[in-house]
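Student: I am new to this structure. Could you walk me through how to read it?

Tutor: Gladly; here it is.

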Amino acid sequence: MSLESDIRTIIDNSGAEMALSALHLESGQRIDVDGERVFPMCSVLKIPVLVEAFRQIEAGRFTLDDRWQLTTAEKNLPSGILVFFDDGLAPTVRDLLTLMMIVSDNTATDMVMHRLGKGSVTRTMHSLGLTDIHVPLTIRELFDDLLPSSDPTQNLLALAGAGPRNRAGICYSLGPDNDVGTPAALTELLARIWRGEIISRTACDAMLEILLKQQLNDRLPRYLPPGTPCAHKTGTLPGIRNDSGIIYASENSHVAVTVFSRWDDEAAADDPIANKETPIAIDAAFGRIGRLLYDAFCDS
């Protein structure tokens, strides 16, 4: 069996539609399974946002040490922690970028996106030739479309039982009106960061340093040997689970990989056990893919 065949078997048994693009960064060996297929990125969009933030830092628009004040107007529903903090807190830009990436803080993300400017992330991605990546919407705009209410001060327990999400809306669109991308485009973006080809070597190293601090490690890194570095970012919405990153298989062997997935979670909406167990099984499929890639390239 080939590596691609083994990956396809995992995908076929995952219970989800999956697309994958993996690139061994040293040898250039590539594996694609529907890698050009468009998916909603969910919080994987934060990788392009991180790139644009460092581009603007390099251009002198702001610095990592600048402090931006937290206000209720900029707070977002979780994931993340800033929504629970008092107004007036003034984290540094470095703090915000770190929170955005390692705990997927949605408030930190929009605090950054508001200052980057509408359309700036998409323009930068397209200037890099990554024309399959579109980031027109902030997190609040996604939630405004998806949820009965995106008010960050509401009772979160009440929200959990507030009824169905808007599955016909923009959050699930595959067009450029939504935050979308392909596995191939995200993997190429990561490869360029690893090579130091975006902005500067210093900026790329700073981005990798943040990505390596990731706290949400139940997908691609799930079954990696303890202590294996993985610079990555997950993304999640109901019926969607994504992960995109670089597996450090050894000191001289690295694999950039993006896996996007979706499934019909509404089919199990009335079965609380299936509703919890299916995402766990899908996360395990991500983990098996990550381990396959690690084992294939750890001695390269």
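**Reading the fold**

Tutor: Of the chain's 300 residues, 55% count as buried. Buried means under 20% relative accessible area, exposed over 50%, and partly exposed in between (1.4 Å probe, protein chains only). This is a predicted model: local features need pLDDT of at least 70, side-chain atom pairs count only at pLDDT 80 or more, and totals for chains, interfaces and linings use all residues. Residues are numbered from 1 along each chain as its sequence is written, and side-chain values use heavy atoms, with hydrogens and water left out.

Student: How many helices and strands does the chain have?

Tutor: Helices (H or I, at least four residues) and strands (E, at least two) are DSSP runs, numbered from the N terminus. Here there are 10 helices and seven strands.

Student: What radius of gyration does the chain have?

Tutor: That radius is taken over C-alpha atoms, and the globule rule is 2.2 Å times the number of residues to the power 0.38. A compact globule of 300 residues would have a value near 19 Å; the chain has 18 Å, which agrees. Its C-alpha atoms fill a box of roughly 55 × 50 × 35 Å along the principal axes.

Student: How do I describe two packed helices?

Tutor: Use the angle between their axes and the distance between the axes. Axes are lines fitted to C-alpha atoms, for helices over the stretch in contact, and angles run from 0 to 180 degrees between N-to-C directions. Take α4 (residues 106-116) and α6 (residues 139-146): their axes come within 8 Å and cross at roughly 120 degrees.

Student: Which residues of α4 and α6 meet?

Tutor: Contact means heavy atoms within 4.5 Å. N106, T109 and D110 in α4 meet I139, R140 and F143 in α6.

Student: What about α8: mostly covered or mostly open?

Tutor: Mostly covered: 10 of the 13 residues in α8 are buried. Among them are P183, L186, L190 and I193. Helix α8 spans residues 183-195 and reaches 18 Å from its first C-alpha to its last, close to the expected 18 Å. The expected span is 1.5 Å times one less than the number of residues. Just after α8, G196 takes a positive phi of about 80 degrees.

Student: Where is L89 found?

Tutor: L89 sits in the loop between α2 (46-58) and α3 (93-102). At 36% relative accessibility, L89 counts as partly exposed. Leaving aside residues up to four places away in sequence, L89 touches W68, Q69, L70 and L82.
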